[in-house]
Amino acid sequence: MFDIGKEYNRKSDLHEIYSGQSQGGISTPAKYPLIFIFTSDAGEQHGYKDEYRDDGIFWYTGEGQVGDMKMTSGNKAILNHAKNNKTIHIFESTKSAHVRYIGSAECLGYHEETRLDREGEDRTAFVFHLDINSSAANNEIL
């Protein structure tokens, strides 16, 4: 489906084909068993901080720029992806309108942290623990 390390145009290669939300970090195409997650250093200004941990798990900040994050929409989709038979696919921003495919992922759980929101106020943020599989053989759609 997607090639590890390949760069894609977010609009023409992803959203025009699969639909889903074209803005933000989580996209949930309604007609496909997919969840797209987009990570970028640019999100740090809004209280987002995504990072690989020493154990290889990727910590991904949930959605919501102001106030406490809610377990709805994209956040709920990530948490319940296995139960809903949806595959998470992770992309990182490379340049304007382009993303590089990192791999598919499984959500192992999440924790909450106090972080600043877009307005500089403390809020509760969700940090998802994702096990990324960057093996090409395991990134196909059923």
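**Close-up views of a predicted model**

View 1. At the start of H1, the backbone nitrogen of Lys-11 has a side-chain oxygen of Asn-9 within 2.9 Å; helices are DSSP runs of H or I with at least four residues, strands are runs of E with at least two, and both are numbered from the N terminus. This is a predicted model, in which local features need pLDDT of at least 70 and side-chain atom pairs count only at pLDDT 80 or more, while totals for chains, interfaces and linings use all residues. Residues are numbered from 1 along each chain as its sequence is written, and side-chain values use heavy atoms, with hydrogens and water left out. After H1 comes Ser-19, whose phi is positive, near 70 degrees.

**View 2. Ile-26 in strand S2 (residues 26-27).** Ile-26 counts as buried because its relative accessibility is 4%. Leaving aside neighbours within four places in sequence, Ile-26 is in contact (heavy atoms within 4.5 Å) with residues including Ile-35, Phe-36, Tyr-60 and Gly-74. Ile-26 and Gly-74, although 48 residues apart in sequence, have their C-alpha atoms 5.6 Å apart in space.

Note on methods
Buried means under 20% relative accessible area, exposed over 50%, partly exposed in between (1.4 Å probe, protein chains only). A polar contact is a pair of N or O atoms within 3.5 Å; within protein, one must be able to donate a hydrogen and the other to accept it, and residues adjacent in sequence count only if both atoms are side-chain atoms.
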